[in-house]
Amino acid sequence: MAMSDFDADVIVVGAGPAGSCAAIAAARAGRSVILLERGPFAGSKNMYGGVVYPRILDELIPEWWTTAPVQRWVVRRSTMILSETSSVTIDYRSDDWGRPPHNGATAYRPDFDHWLAGEAVAAGARLVCSTTVTGPLRDERGRVVGVRTDRPDGDLRAPVVIACDGVNSFLAKEAGLYHATDPSNFTLGVKETLAFDRATIEERFNVRDDDGVDIEILGGTAGVSGGGFIYTNRDTVSIGCVLKLPKLAAQSKRPEEIIAGLKAHPSIAPLVEGGRVIEYSAHVIPEAGLSMMPTMVTDGMLVAGDAAALCLAAGIWLEGVNFAMASGMYAGRAAVSALEKNDPSARGLSGYTDLLESTFVLKDHRRLRRIPELVLSDRVQHRYPAFVTSVVDRLFRVDNPRPKPGLRRIVREERKRAGIRLRDLLRDGWTGMRGFG
Amino acid sequence: MDHRIDRDTTWPEISFEERIGTAEFRIHERAHIVVDGDACRGCSTRECVVACPANLFVPTSDGGILFNYENCFECGTCYLVCNKEGAISWTYPEGGFGIVFHRT
């Protein structure tokens with residue numbers, strides 16, 4: 001096909017964080033880019049819990065923190081373990097994170113994604129909204145040479161398509177890049193956004209000005225494997241759960257009832273009482289890490305972001321937008337170098353895989369490949385929270401006239417009470433050490 | 001300023017209609033999700049009914065499923081949890097339609 005038959009050098013499907021970064025990288029290299037978005041504006045379909053770690057943006061948007069629409073800078077990072085009535089919290093606070101160059105931020109995705117797509121437009125990409133891609137266009141040899149859209153005469157042709165069409169990626173599936181879809185690889189994220197006045201948030205969460213809090217929660221999800229989260233925004237608090245799909249479907253509590261249960265927990269209720277629900281939202285998350293990832297490259301097409309299952313759900317690390325932005329950026333760069341070689345085949349595009357493998361994108365996923373399964377295992381979900389909270393309870397409970405029991409005895413007794421075999425505890429500890437260590 | 005909340009006045013739980021009413025749905029005349037009622041009548045597990053965060057799958061007295069595509073988050077939960085091959089035909093709505101999360 002002659003170059004003149006193409007509508008652009010690169011078509012990017014989806015103007016989320018992956019798509020916008022792919023478009024920025026390709027457009028900055030002088031390539032013509034069409035960035036397609038099915039929503040009425042970039043960000044209108046996008047939802048997550050609420051925290052983004054934009055360090056990777058240093059490469060694309062220097063001093064991004066001066067323009068990015070963030071809600072609060074995360075200066076407190078807490079991990080809570082809940083039993084029925086008690087909780088253990090590890091709380092880290094750093095006021096450094098409230099100052100440039102920052103670490104994480106809470107942000108609303110419609111704001112953040114709209115801003116990032118604006119950067120793609122500023123770099124020269126053509127953003128086309130309200131356009132749903134209905135499938136890949138292929139040539140007679142099966143190579144992807146563009147996309148079909150729902151517009152009249154809506155076929156668009158380009159030598160390289162970058163699929164950033166999210167967790168349900170029909171482009172990656174239709175191109176045969178996913179082998180199977182197993183529901184146990186996915187969780188449902190559901191969230192309520194609760195309105196407060198700023199002073200209430202700052203008092204309850206012990207922050208001031210633009211500083212905010214990120215709380216990740218193990219337990220409190222009505223026995224459904226997953227977890228909870230609470231994030232502070234400027235004048236709202238986001239609270240929600242991620243719920244493993246088959247476990248959610250196999251019991252009787254609906255997602256909003258599970259959030260209600262979390263909100264009613266005695267350790268959570270004082271933080272969120274009185275908040276008026278101004279938004280209820282939901283999204284599916286690809287949580288299984290490396291084991292569920294598709295083939296990332298095929299003739300004429302690359303896959304990035306949630307479409308490539310590049311979401312890290314590793315307990316203490318819960319990240320997705322940064323993996324999306326990085327993989328999108330690398331896909332954009334790989335597309336540019338394939339176009340320079342005039343070779344948009346899988347071989348010509350294979351620089352993408354090299355970039356993913358040589359950076360945190362796949363290095364983190366390889367290191368942590370066994371962690372998502374461990375985090376969602378029955379022991380971590382249903383036995384360890386009660387074990388940990390009861391050990392801490394006995395450690396701090398003053399039970400006079402009885403003398404204090406030794407820590408070793410407490411651990412042994414509580415482990416047995418929680419029904420945890422030493423062998424399993426050691427094995428899980430070893431899996432954890434190999435991933436995190 | 002006193003921000004304590006009286007123990008007896010926790011937040012009122014809102015109805016599902018109020019809850020779903022916080023989102024904007026631009027409804028297209030074409031249903032982007034189609035549910036095959038015959039397949040549902042033979043299903044005893046009904047994963048979609050409890051899992052759909054928008055509560056769009058309602059069991060009917062004759063053993064079927066009543067489905068409404070209009071207030072859909074487009075999340076994909078229903079087809080992922082469904083045990084009946086082909087019972088749920090799932091596509092995205094036409095460009096510009098469906099759920100819209102708002103900018104501030």
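Mentor: Before we start, a helix in this discussion is a DSSP run of H or I with at least four residues, and helices are numbered from the N terminus. The model is predicted.

Trainee: Which residue follows α1(A), and what is its phi?

Mentor: Helix α1 of chain A covers residues 17-28. The residue that follows α1(A) has a positive phi, near 90 degrees, and that residue is A:Gly30.

Trainee: How far apart are the end C-alpha atoms of helix α1 of chain A?

Mentor: The helix has 12 residues, and at 1.5 Å a residue these should span 16 Å. The model agrees with that expectation, because the end C-alpha atoms of α1 of chain A are separated by 16 Å.

Trainee: How many of the 12 residues of α1(A) are buried?

Mentor: A residue counts as buried when 20 or more other C-beta atoms lie within 10 Å of its own. Among the residues of α1(A) that are buried are A:Pro17, A:Cys21, A:Ile24 and A:Ala27. The helix is largely enclosed by the rest of the structure, because the number of buried residues among the 12 of α1(A) is 11.

Trainee: Which elements of chain A do the buried residues of α1(A) pack against?

Mentor: The partners include both strands and helices, as their labels show. In chain A, the buried residues of α1(A) pack against β1 (10-13), β2 (33-36), α2 (109-122), β11 (160-163) and α8 (321-340).

Trainee: Are the faces of β2(A) covered or open, and which residues are on them?

Mentor: Both faces of β2(A) are covered, with buried residues on either side. On one side are A:Val33 and A:Leu35, and on the other are A:Ile34 and A:Leu36.

Trainee: In β7(A), what is the bridge partner of A:Leu36?

Mentor: Strand β2(A) pairs with β1(A) through 4 bridges, in parallel, and A:Ile34 in β2(A) stands opposite A:Ile11. Strand β2(A) also pairs with β7(A), again in the parallel sense, over 3 bridges. Within β7(A), the bridge partner of A:Leu36 is A:Val128.

Trainee: Which strands of chain A stand at the edges, each with a single partner strand?

Mentor: The open sheet has 6 strands with mixed pairing, in the order β7-β2-β1-β11-β18-β17 of chain A. One side of each edge strand is left without a neighbour in the sheet, because each has a single partner strand; these edge strands are β7 (126-128) and β17 (297-298) of chain A.

Trainee: What does α2(A) reach from its first C-alpha to its last?

Mentor: Helix α2(A) has buried residues that include A:Phe112, A:Trp115 and A:Leu116, and its buried residues pack against α1, β2, β3 (51-52) and β7 of chain A. Just after α2(A), A:Gly124 takes a positive phi of about 115 degrees. The 14 residues of α2(A) have an expected span of 20 Å at 1.5 Å a residue, and close to this the helix reaches 19 Å.

Trainee: Which residues touch the most other members of the largest nonpolar core?

Mentor: The largest nonpolar core has 164 residues, and those that touch the most other members are A:Ala22, A:Ile162, A:Leu302 and A:Ala335. The element giving the most to this core, with 13 residues, is α8(A).

Trainee: Is A:Leu356 buried or exposed?

Mentor: Residue A:Leu356 is found in helix α9 (residues 351-358) of chain A. Not counting residues up to four places away in sequence, A:Leu356 touches A:Met296, A:Ser327, A:Tyr330, A:Val361 and A:Leu362. With 25 other C-beta atoms within 10 Å, A:Leu356 is buried.

Trainee: What is the radius of gyration of chain A?

Mentor: Chain A has 14 helices and 20 strands. The globule rule gives 22 Å for 437 residues, and chain A is close to that value, so it is as compact as a globular protein of that length; its radius of gyration is 23 Å.

Trainee: How many residues from chain B does the contact take?

Mentor: Chain B has 4 helices and 6 strands, and chain A gives 48 residues to the contact, while the number from chain B is 33. On the side of chain B that touches chain A, at least two residues each come from α1 (16-20), α3 (47-51), α4 (77-81) and β6 (98-100). By type, the residues of that side of chain B are 17 nonpolar, 10 polar and 6 charged.

How values were computed
Residues are numbered from 1 along each chain as its sequence is written. Chains are lettered from A and ligands numbered from 1 in the order in which they are written. This is a predicted model: local features need pLDDT of at least 70, side-chain atom pairs count only at pLDDT 80 or more; totals for chains, interfaces and linings use all residues. The expected span of a helix is 1.5 Å times one less than its number of residues. Two residues are in contact if their C-beta atoms, placed from the backbone, lie within 7 Å. Ala, Val, Leu, Ile, Met, Phe, Trp, Tyr, Cys and Pro count as nonpolar, Asp, Glu, Lys and Arg as charged, and the others, Gly among them, as polar. A nonpolar core is a set of buried Ala, Val, Leu, Ile, Met, Phe, Trp, Tyr and Cys residues joined through C-beta atoms within 7 Å. The radius of gyration is taken over C-alpha atoms; the globule rule is 2.2 Å times the number of residues to the power 0.38. Two strands pair if DSSP finds at least two bridges between them.
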